[in-house]
Amino acid sequence: MTRRVPARTIALWAAFLLVHLLTALAGWIYPSQPMGDVVLVYEPWSSAALGGGPVVGVTEPWVYPQLALLPMLLTGLLATPLVPLLGVSSAYLVAWAVLVGVLDAVAFAVLVGRRPGRARTAAAWFWCAALLLLGPIALYRIDAVTVPIAVVAGLWLLSRPALAAALLTVGAWIKIWPGALLLAAVVAGRRRWRQLVAALVVTAVVLGVLVLLGPRSEILGFLTAQTGRGLQIEAVAATPFLWLAVAGAARIEYSFDILTFQITAPGVDAVAAVLTPLMAVAVVAVTALGAVKATRGAVFGRLFPPLALALVTVLIVGNKVGSPQFQTWLLAPVILWIVWDRARATVPAVLVLALCLVTCLIYPLTYDALLRAEPVPVLLLTLRNVLLIVLTVVSLRAVLRVPAVRPPRIKE
């Protein structure tokens, strides 16, 4: 006799499908081309590679790790049958939304299973709410591909640690941020050598294939391409300069090299130059804090989620870029935090939902006004950046408050 699917599970899947449909359709309605990267950047890259032209990351420099090209190529293949009906651009957009939706559905199925408990149910509702509040930017960016990978990997960290580490490594070769979850898992876990070996194997395979495919000088181009860029207007560190722009003492300019808007003002270059080293120092410091807690016997389920979130927020707050899709990076750590430690995940979950809402109000809803340095969108962006700093403090405080199971050894 077949067991009936609980009403709770049916409701979750109905919400999941409705949210994805509404979010996908919003991309066609909202201003400021929230789907612009997909159709104006990803599709040409994909078409060039499939058509025998230049291959980004292989034959020419690229801002993304090389595996980011795979979902773009897959989307191009999925879109091919739709081109006669919809045209190249619309077919690619539809295929991208379907690809991201399928990946999210796989991760959602792993999360909720057949009969989810209260914690997993809460995590699933959080995910749906976050997507709805964040809007089309949650789907129409390469970052959207890495979120379900990180969710599945995080859920498998205890039961399948090597496979989870391999998935996080793949995610990091698409967009760097899942590497923060891998770092947190290695620090907080008890099977770190197995995870490190899995990560090294995946990296060795990727590097080996890249060496065979093209010039070796482009293999780490995604790192060197970021070093010389300026300060993006949405970066946390750009906030004071944006208010100078409101007062007419700074300018917002478009960089055709990086394809983004940057701030120009006295002192900007100095700030941009020190951000990356400061971010690296902050990552090391947070990692060291987590390592101290782990060596003192901290429980994985208490330590990993806030440590992962702290590392991710440090990557955002210390970044020269502050793109709206960065908020998707926060979803996986919070989902995992709710699953493993629901009571203590309430505050960070609320903060992330607020961040998603404010981010959508900025981009795409008031982005044109932001480019004109009008006070209201600049105020909204300031609020978002303050919330990011608050979230960083909350996650670090949670790491500090993780209890040690065994006391540290005292030398006599």
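**Notebook: helix contacts, burial and backbone details**

I first looked up helix H13 (residues 268–295) and helix H18 (residues 375–400), whose axes come within 10 Å and cross at roughly 25°. The axes are lines fitted to C-alpha atoms, for helices over the stretch in contact, and angles run from 0 to 180 degrees between N-to-C directions. Helices here are DSSP runs (H or I, at least four residues), numbered from the N terminus.

I note that the model is predicted: local features need pLDDT of at least 70, side-chain atom pairs count only at pLDDT 80 or more, and totals for chains, interfaces and linings use all residues. Residues are numbered from 1 along each chain as its sequence is written, and side-chain values use heavy atoms, with hydrogens and water left out.

**Entry on H13 and H18.** I recorded H13 and H18 as roughly parallel to each other (angles under 35 degrees count as such). On H13 the contact (heavy atoms within 4.5 Å) is made by Val286, Leu289 and Lys293, and on H18 by Leu396, Val399 and Leu400. I sorted these residues into five nonpolar, no polar and one charged. For this sorting, Ala, Val, Leu, Ile, Met, Phe, Trp, Tyr, Cys and Pro count as nonpolar, Asp, Glu, Lys and Arg as charged, and the others, Gly among them, as polar.

**Entry on H9.** I then asked how many residues of helix H9 (residues 178–188) are buried. Nine of the eleven are buried, so H9 is largely enclosed by the rest of the structure. Buried means under 20% relative accessible area, exposed over 50%, and partly exposed in between (1.4 Å probe, protein chains only). Among the buried residues of H9 are Pro178, Leu181, Leu182 and Val187. I found that their cover includes helix H7 (143–155), helix H8 (161–172), helix H10 (192–213) and H13.

**Entry on H1.** I checked the length of helix H1 (residues 7–29): its 23 residues should span 33 Å at 1.5 Å a residue, and its end C-alpha atoms are 33 Å apart, which agrees. The expected span is 1.5 Å times one less than the number of residues. The buried residues of H1 include Leu12, Phe16, Val19 and His20. Helix H5 (88–112) and helix H6 (118–134) are among the elements that cover the buried residues of H1.

**Entry on the backbone.** In the loop between H1 and helix H2 (36–50) I located Ser32, whose phi is near 65°, a positive value in a residue other than glycine. Ser32 is partly exposed, with a relative accessible area of 22%. Gln33 is found in the loop between H1 and H2 and has a positive phi of about 50°. Gln33 is exposed, at 53% relative accessible area. Lastly, I noted a cis peptide bond joining Tyr363 and Pro364, with omega about 15°; Pro364 lies in helix H16 (residues 346–365).

How values were computed:
Helices (H or I, at least four residues) and strands (E, at least two) are DSSP runs, numbered from the N terminus. Angles under 35 degrees count as roughly parallel, over 145 as roughly antiparallel, 65 to 115 as roughly perpendicular and the rest as oblique.
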